[in-house]
Amino acid sequence: HTRYWRDWSSDVCSSDLARLDGIDAPRALDIARMSLAVPDAGQRFLAARLAIRPGDADSIERVAPLIGDRNPSLRRFVAGTLADLAATADLRPVVIEKAMAALGGKEWRALEQAALLVGHLDHEPAADRLLQLLEGGRDEVAIAASWALRKLEVESTLAPLLDYARTIRGVLTSQGVDARRTRMGFQGQQIHQLFGLTRFKAAEDMLREYVPKAQVDPNARSAALWALGLLHEDEPDCDLAEAFAERLADVGTTPPEFYAVRWMAAVGLGRFRAASQLDTLRQFAERDTMFSPTGITSYWAVERITGEPMPPQPENFERIGGWFLEPP
């Protein structure tokens with residue numbers, strides 16, 4: 001039987017294993033456990049689904065190595081399933097152990113998924129290792145580590161992250177080609193959000209550098225404005241209000257302001273409760289309408305400042321014609 005599952009076509013094996021599962025589930029489970037390392041990705045995926053189904057520590061031990069599988073759908077499935085199983089108190093330590101083991105390795109696929117997993121599980125002891133993964137290696141790992149650090153919100157990481165955020169700023173504003181620019185834009189997006197969520201005032205001067213218009217990564221810039229909105233929440237006289245209104249209103253220049261930056265500028269004005277900028281907010285709420293994020297956030301900001309309720313969410317109807325039989 002073992003030779004059959006190894007030598008026959010993967011399509012035949014997967015089909016037969018699925019049928020066997022409906023007839024003799026224990027036998028199918030045994031075969032699935034033997035098939036976790038077969039060459040075919042579809043067969044491994046089916047084997048993983050069956051092998052993890054008991055939902056116990058033994059099944060975690062068997063399937064956890066596939067968190068670094070070369071098939072992206074399979075490794076995401078394994079990481080997601082481990083996250084679900086960790087909701088059970090008795091299984092959480094086993095999942096954490098496997099995630100930390102993968103995080104301590106060198107294989108980039110496992111590192112990426114393990115970083116996402118420890119972030120999702122809010123496992124703060126992983127923070128130091130995540131800091132090590134911010135630079136070098138694959139972009140996927142560096143971005144996942146940045147996301148996980150945002151989720152963890154560990155105070156001791158804020159100072160080193162500010163140093164790294166300054167490095168990101170230097171790369172994003174540098175002239176010439178730098179292969180790190182796209183990756184660092186996404187990292188800045190996550191790190192800047194963390195500074196806002198934790199109200200980390202030491203980062204304010206660096207975040208303010210992203211407010212003036214510049215052809216700098218819109219992910220990092222928009223997140224900087226979002227964070228500044230939180231740092232100055234409920235400060236109607238904030239000196240940033242006029243600059244944020246200018247970013248929201250910058251639609252007629254060439255090139256116009258990045259859409260994401262305009263969006264977060266409207267959010268920031270609402271966070272400040274900047275009554276001095278109500279005219280601009282009303283103008284762009286009406287201009288951009290409730291069909292766009294900038295319009296919605298401008299209306300939201302007006303409501304937050306004045307208490308005036310937002311318009312109801314509009315219904316978008318689209319007529320599709322061309323049918324052989326249509327009403328007149």
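I looked up burial to begin with: 47% of the 328 residues in the chain are buried, where buried means under 20% relative accessible area, exposed over 50%, and partly exposed in between (1.4 Å probe, protein chains only).

I note that this is a predicted model, in which local features need pLDDT of at least 70, side-chain atom pairs count only at pLDDT 80 or more, and totals for chains, interfaces and linings use all residues. Residues are numbered from 1 along each chain as its sequence is written, and side-chain values use heavy atoms, with hydrogens and water left out.

I then turned to secondary structure and found 18 helices and zero strands in the chain; these are DSSP runs, numbered from the N terminus (helices: H or I, at least four residues; strands: E, at least two). The chain is more spread out than a compact globule, because its radius of gyration is 25 Å, well over the 20 Å that the globule rule gives for 328 residues. The radius is taken over C-alpha atoms, and the rule is 2.2 Å times the number of residues to the power 0.38. I also recorded the span of the C-alpha trace along its principal axes, about 75 × 65 × 45 Å.

Next I examined contacts (heavy atoms within 4.5 Å). Of those with a separation of 6 or more, 62% join residues 24 or more positions apart.

Finally I selected Asp84, which lies in helix 6 (residues 72-85). Asp84 is exposed, with a relative accessible area of 58%. I found its C-alpha atom separated by 31 Å from that of Trp226, 142 residues apart along the chain.
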